[in-house]
Protein chains: 2
Amino acid sequence: MNTVDPYYSRVVCLAGGVGGARLADGLARVLPPHNLTVIVNTGDDFRHLGLTICPDLDTVMYTVGDVANDETGWGRAGESWRTMSEVGRLGGPDWFSLGDLDLATHLARAHGLDAGQTLTAVTGRLCAGFGIGPAVLPMSDLPAPTLIETDTGEVLPFQVWFVRERWQPAVRRVILPEDVRATAEVVRALETADLVLIAPSNPFVSIEPILNVYPIRAMIEDVPRAVVAVSPIIAGRAVKGPAAKMMAEMGLEPAAAAVAGYYGHLIDGFVYDAQDAGMIAEDGLALLCTDTLMSGAAGRERLAREVLAFAAELME
Amino acid sequence: MNTVDPYYSRVVCLAGGVGGARLADGLARVLPPHNLTVIVNTGDDFRHLGLTICPDLDTVMYTVGDVANDETGWGRAGESWRTMSEVGRLGGPDWFSLGDLDLATHLARAHGLDAGQTLTAVTGRLCAGFGIGPAVLPMSDLPAPTLIETDTGEVLPFQVWFVRERWQPAVRRVILPEDVRATAEVVRALETADLVLIAPSNPFVSIEPILNVYPIRAMIEDVPRAVVAVSPIIAGRAVKGPAAKMMAEMGLEPAAAAVAGYYGHLIDGFVYDAQDAGMIAEDGLALLCTDTLMSGAAGRERLAREVLAFAAELME
């Protein structure tokens with residue numbers, strides 16, 4: 001019955017942090033490298049200690065490059081902290097932890113940006129250094145900072161809210177920049193995509209910032225084949241991070257169904273966890289109920305295969 | 001006979017790299033902190049890996065702060081190289097070695113500069129972090145890059161010539177920027193100075209870049225008391241670095257006497273090494289012949305005391 005081979009389709013995956021990185025890694029393990037493009041949220045990017053830090057790009061690179069610290073969900077495995085300890089001792093800010101290995105990424109990136117290279121080009125070189133085959137693309141080469149308005153009306157840069165304030169201040173709304181344009185590389189990937197996957201990343205601060213970049217949302221609406229999202233919410237909770245807490249604060253039920261509802265007509269298929277079995281779909285939305293928690297490399301690969309098989313049916 | 005107490009005089013020391021840092025350290029060990037200001041060459045400063053690197057400021061801070069690597073003459077004691085190894089592995093430039101501890105200085109500096117602080121203010125905070133009492137001032141808050149024109153006519157940024165090319169290309173001339181202004185802090189220190197010491201640093205690429213900053217040379221010519229230089233050349237050779245080689249290439253005899261001649265009427269006194277005993281002074285130039293090689297902290301302190309005593313006689 002399944003005549004479309006998803007392994008020969010051109011797949012674009014929209015990804016934020018940990019969940020996105022893990023699905024991207026699973027896809028990278030099963031797809032030919034030239035058939036996969038990962039478009040990564042850069043709304044979290046910020047300048048720190050004079051460097052441009054790109055937390056989601058780094059999490060994707062480290063995870064797909066197999067050098068990530070899987071316990072923390074950020075940073076590198078086998079990390080050390082000699083430089084940051086000294087920065088703290090010298091009176092510099094140390095609330096955002098940059099390990100000695102991680103710093104190498106930021107310095108190599110700074111070198112390229114300082115020389116006038118685009119973030120896309122610099123990311124490509126870093127990916128080569130990490131032995132990554134698929135294209136990992138920032139959603140834009142322009143700064144597109146996500147801001148968080150808290151319930152006290154205070155507006156915080158994303159990382160200040162997320163890391164320094166440990167995402168505790170309640171969120172009134174997420175403020176995204178206007179008039180940010182996607183790169184030519186992103187546009188080209190979407191033009192030729194057979195399938196767009198929305199990774200199990202935070203819909204509000206990981207995926208929406210990508211969709212907000214012109215013309216990404218419009219191009220995804222135009223994708224001739226399938227758009228499939230994977231729920232980041234399992235049994236009412238986020239696997240990691242503030243997604244469920246934010247949903248409650250923003251008046252949404254923290255449930256997989258609410259994520260599907262949030263994406264609405266943008267998606268053709270929705271993958272949700274077996275713990276939420278029995279979810280009722282909106283008209284016309286195809287559902288796949290499976291184990292969405294990606295345990296280890298095998299778990300990522302399994303979910304990637306299942307999502308691709310599910311999408312293939314939608315692409316018929 | 002000696003009625004001027006140099007320990008109650010306001011001393012300004014012009015310093016470049018290692019030799020300057022060591023004399024500055026000796027002075028810091030014997031003078032009350034508020035009586036010593038070290039004005040440091042920033043002509044060697046450059047951007048690298050997105051960071052502002054200030055080699056001479058760092059050498060002075062590390063030496064006076066007692067964290068310097070005395071064997072290499074640059075960088076910190078007990079240094080490690082985890083980040084730089086990874087930068088190299090990622091394809092970044094690794095010809096300029098930045099250790100893990102050293103990087104903390106550059107990151108803390110970048111943090112301050114990024115926040116709009118002056119290099120003078122940032123340096124003050126770093127000095128506080130290193131427990132340094134005397135004022136260590138960059139000669140200017142503005143970029144003032146020294147360029148090296150080689151005998152092939154190629155013009156190289158200083159650090160490219162000095163570190164990457166290991167100062168091997170022969171020097172035709174040193175190119176200094178026009179219209180660089182000293183900071184208010186530098187001007188104030190020179191206005192109130194009783195004694196200006198020119199450290200045993202390279203006259204062409206360490207001291208001349210400082211004198212080139214308006215109005216430093218004119219203010220030193222106007223110092224009401226003494227100006228004393230210490231020879232960086234001992235027995236025809238530089239203790240460290242390219243001074244002697246440059247003198248030969250620029251048509252000067254690599255000798256202490258030629259250094260005195262180069263400073264000319266700017267100085268009232270000249271300190272040279274016992275290995276060059278018998279040097280004949282120009283009219284009116286006072287000479288002190290002593291051991292100018294500063295072995296260890298004791299050697300630095302000894303030379304500082306001898307130079308101050310010699311200067312006191314000139315200040316009568």
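Predicted model: local features only at pLDDT ≥ 70, side-chain atom pairs only at ≥ 80, totals over all residues.
Residues are numbered from 1 along each chain as its sequence is written, with chains lettered from A and ligands numbered from 1 in the order in which they are written.

Strand 2 (residues 36–40) of chain B is mostly covered, with five of its five residues buried. A residue is called buried if 20 or more other C-beta atoms lie within 10 Å of its own, exposed if 12 or fewer, and partly exposed in between, with C-beta atoms placed from the backbone. In a regular strand the side chains alternate between the two faces of the sheet. On one side of strand 2 of chain B are B:L36, B:V38 and B:V40, on the other B:T37 and B:I39, and all are buried. Strand 2 of chain B pairs in the parallel sense with strand 1 (residues 11–15) of chain B over five bridges, pairing being assigned if DSSP finds at least two bridges between two strands. Within this pairing, B:C13 has B:V38 as its bridge partner. Strand 2 of chain B also runs parallel to strand 5 (residues 135–138) of chain B, joined by four bridges, and B:V40 stands opposite B:P138 there.

What does B:V136 touch, leaving out residues up to four places away in sequence? Its contacts are B:V38, B:V40, B:L57, B:V60, B:M61, B:V64, B:T123 and B:C127. In helix 5 of chain B lies B:L119, which counts as buried because it has 23 C-beta neighbours inside 10 Å. Beyond residues up to four places away in sequence, B:L119 touches B:L113, B:P138 and B:D141.

Strand 10 (residues 226–230) of chain A is likewise worth a look: five of its five residues are buried, so this strand is largely enclosed by the rest of the structure. From strand 10 of chain A, A:A226, A:V228 and A:V230 point one way and A:V227 and A:A229 the other way. Strand 9 (residues 195–198) of chain A runs parallel to strand 10 of chain A through four bridges, with A:I198 opposite A:A229. Three bridges join strand 10 of chain A to strand 13 of chain A, again in parallel, and A:V230 stands opposite A:V271.

Turning to helices, helix 8 (residues 203–211) of chain B has nine of its nine residues buried, so it is largely enclosed by the rest of the structure. In helix 11 (residues 256–263) of chain A, the buried residues are A:A256, A:V259 and A:A260. Seen down the axis of helix 11 of chain A, these fall within an arc of 100°, so they line one face of the helix; the arc is that of the directions from the helix axis to the C-beta atoms. Their cover includes helix 8 (203–211), strand 11 (233–234) and strand 13 (269–273) of chain A.

Some backbone details complete the picture. Most residues other than glycine have a negative phi, and most peptide bonds are trans. The peptide bond from A:Y214 to A:P215 is cis, with omega near -5°, and the bond from B:Y214 to B:P215 is cis, with omega near -5°. A:R166 has a positive phi of about 50° although it is not a glycine, and A:R166 counts as exposed, with 9 C-beta neighbours inside 10 Å. For B:W167, phi is near 40°, and B:W167 is partly exposed, with 18 other C-beta atoms within 10 Å.

Definitions and conventions: Helix = DSSP H or I, 4+ residues; strand = E, 2+ residues; numbered from the N terminus. Contact = placed C-beta atoms within 7 Å.
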